[in-house]
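This report describes the nonpolar core, the domains, the ligand surroundings and the backbone geometry of one protein. The sequence and the structure are shown first.

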Amino acid sequence: MLAVLPALLLLLLLSSRPACGVFQKLYCSFSDSCDCDFKPSIRDLEWDLYKNVFGQHLAQDLVSEEVSSFLLNKNPDRPLVLSFHGSSGTGKTLVSTLLGNHLYGSAMSSPFVHQFVPTLHFPSAELVAQYREELKSWVKGNLTACARSVFIFDEMEKMPAGLIDVLEPFLGPSHVVFRTNYRKAIYVFISTAGKEAIHRLVLENRLAGRDRDEIKPSDLQEVVQQSVYSNKTSGLYLSSIIQQNLITRFVPFLPLTRTHVERCVRAQLCQRGSCNRDDVVEAVGGDMTYDPAEGLYFSTTGCKTVAAKISFFL
Ligand SMILES: *[C@@H]1O[C@H](CO)[C@@H](O)[C@H](O)[C@H]1NC(C)=O
Ligand SMILES: *[C@@H]1O[C@H](CO)[C@@H](O)[C@H](O)[C@H]1NC(C)=O
Ligand SMILES: [Mg+2]
């Protein structure tokens, strides 16, 4: 009789795990469960997005809105799937990193945040059949270990065609396998696909003399979705994931103006303890390439080369 007591207690602890409080604490003291390490802080995420991401009011709003409503829902009926689009250096990878940082106690180094880079994980297009099997089993294995897993797929435009569709069953609303709840996961796709459509709209907006902040998410959802779906090198070309509407939100990243680039420069200068070097801000801003030729509105590389240029001018 006495021998079953510890087992009973353990069972009680395990089953009452999400109930927080004293049981959660006890459980977490002898477990490395991801629920224990899962410490999302929406307020810190919002603050970091506001402080470190320049010129991206749509991405800031969409990401905080979607992430907070997803996390507030105790029983989401499908995972959160965000797809980031925009030209190079606009902050897509940065925002995905900030998101990863504010979900787990151990930030991006958390074993529950998984990053995939095609050139590293899926380098040759001929091996797509093998990659499909690998990716499926990784995601399945990762979700079995932790329902709250985060999967970030960067540089989707370099993804072998047809690979990402292997995730379709994981992204839908009805997939519960064994004890794993697939619907608590977060997926982030990142690519430059759709940048032309975004660029066109932001330019039109500017030429019409309207404020950048007046661009609404709804102005870009459809066009971005369409151009990603019909672009052969988007990683999502004719993808069943788009057909089945499994992407919660397309998040557009707008091309950056010189003012935004200079804010990136100043922020990085301050981190290096040289906040007051207006000359360097000016020099780096002036050394970027801007597009289109008449007007010179948008930096072609966003804030991407800022760090190297600061070192040069400092
Ligand atoms: C989880 O994903 C990683 C890739 O990020 C993979 O190396 C690992 O084997 C996966 N874990 C399981 C249990 O499948
Ligand atoms: C498709 O996407 C790639 C990657 O962003 C881009 O370089 C290319 O211009 C796009 N093609 C079209 C037709 O929009
Ligand atoms: Mg990037």
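## The largest nonpolar core

In this predicted model, the largest nonpolar core holds 76 residues, and the members that touch the most others are Val63, Phe153, Val188 and Val265. Domain 1 (42-252) and domain 2 (258-313) each supply at least three residues to this core. As a general background, nonpolar side chains in soluble globular proteins tend to be buried together.

Two of these members may be followed further. Leaving aside residues up to four places away in sequence, valine 63 touches Leu49, Leu82, Val95, Leu99 and Val251. Phenylalanine 153 lies in strand E3 (residues 150-153). With the same exclusion of residues up to four places away, Phenylalanine 153 touches Phe116, Ile164, Val188, Phe189 and Ile190. Phenylalanine 153 counts as buried because 26 other C-beta atoms lie within 10 Å, where the cut-off is 20 or more. Between phenylalanine 153 and tyrosine 290 there are 28 Å in space, C-alpha to C-alpha, and 137 residues in sequence.

## Overall fold and domains

The protein contains 15 helices and nine strands. Its C-alpha trace spans about 85 × 45 × 35 Å along the principal axes. Of the 314 residues, 38% are buried. Contacts between residues at least 6 apart in sequence join residues at least 24 apart in 76% of cases.

The domain assignment divides the protein into domain 1 (42-252) and domain 2 (258-313), whose C-alpha centres are 27 Å apart. Nine residues of domain 1 contact nine residues of domain 2. On the domain 1 side of this contact, two residues are nonpolar, six are polar and one is charged. An unreviewed UniProt entry lists residues 259-313 as "domain: Torsin-1A C-terminal". That span, residues 259-313, is 56% helix and 7% strand, and its end C-alpha atoms lie 18 Å apart.

## Surroundings of the two ligands

Which residues surround ligand 1? They are His114, Trp138, Gly141, Asn142 and Ala145. Helix H8 (residues 128-145) gives the largest share of this shell, with four residues. By class, the shell around ligand 1 has two nonpolar and three polar residues, and no charged ones.

Ligand 2 is surrounded by Glu157, Thr192, Ala193, Lys195, Glu196, Ser227, Asn231, Thr233 and Ser234. The shell around ligand 2 comprises one nonpolar, five polar and three charged residues.

## Backbone geometry in the loops

Most residues other than glycine have a negative phi, and most peptide bonds are trans. Glutamate 155, which is not a glycine, has a positive phi of about 50°. Glutamate 155 sits in the loop between E3 and helix H9 (168-171).

The loop between strand E8 (290-291) and strand E9 (298-299) contains proline 292. The peptide bond from aspartate 291 to proline 292 is cis, with omega near 0°. Leucine 296 is also placed in the loop between E8 and E9. Phi of leucine 296 is positive, near 50°, in a residue other than glycine. Leucine 296 is partly exposed, since 13 other C-beta atoms are found within 10 Å.

Conventions: Residues numbered from 1 in each chain as written. Chains lettered and ligands numbered in written order. Predicted model: local features only at pLDDT ≥ 70, side-chain atom pairs only at ≥ 80, totals over all residues. Core = buried A, V, L, I, M, F, W, Y, C linked by C-beta atoms within 7 Å. Buried ≥ 20, exposed ≤ 12 C-beta atoms within 10 Å, placed from the backbone. Domains from an automatic or database assignment. Contact = placed C-beta atoms within 7 Å. Near = placed C-beta within 6 Å. Helix = DSSP H or I, 4+ residues; strand = E, 2+ residues; numbered from the N terminus. Nonpolar A, V, L, I, M, F, W, Y, C, P; charged D, E, K, R; others polar. UniProt positions renumbered as here; feature names shortened; annotations may be inferred.
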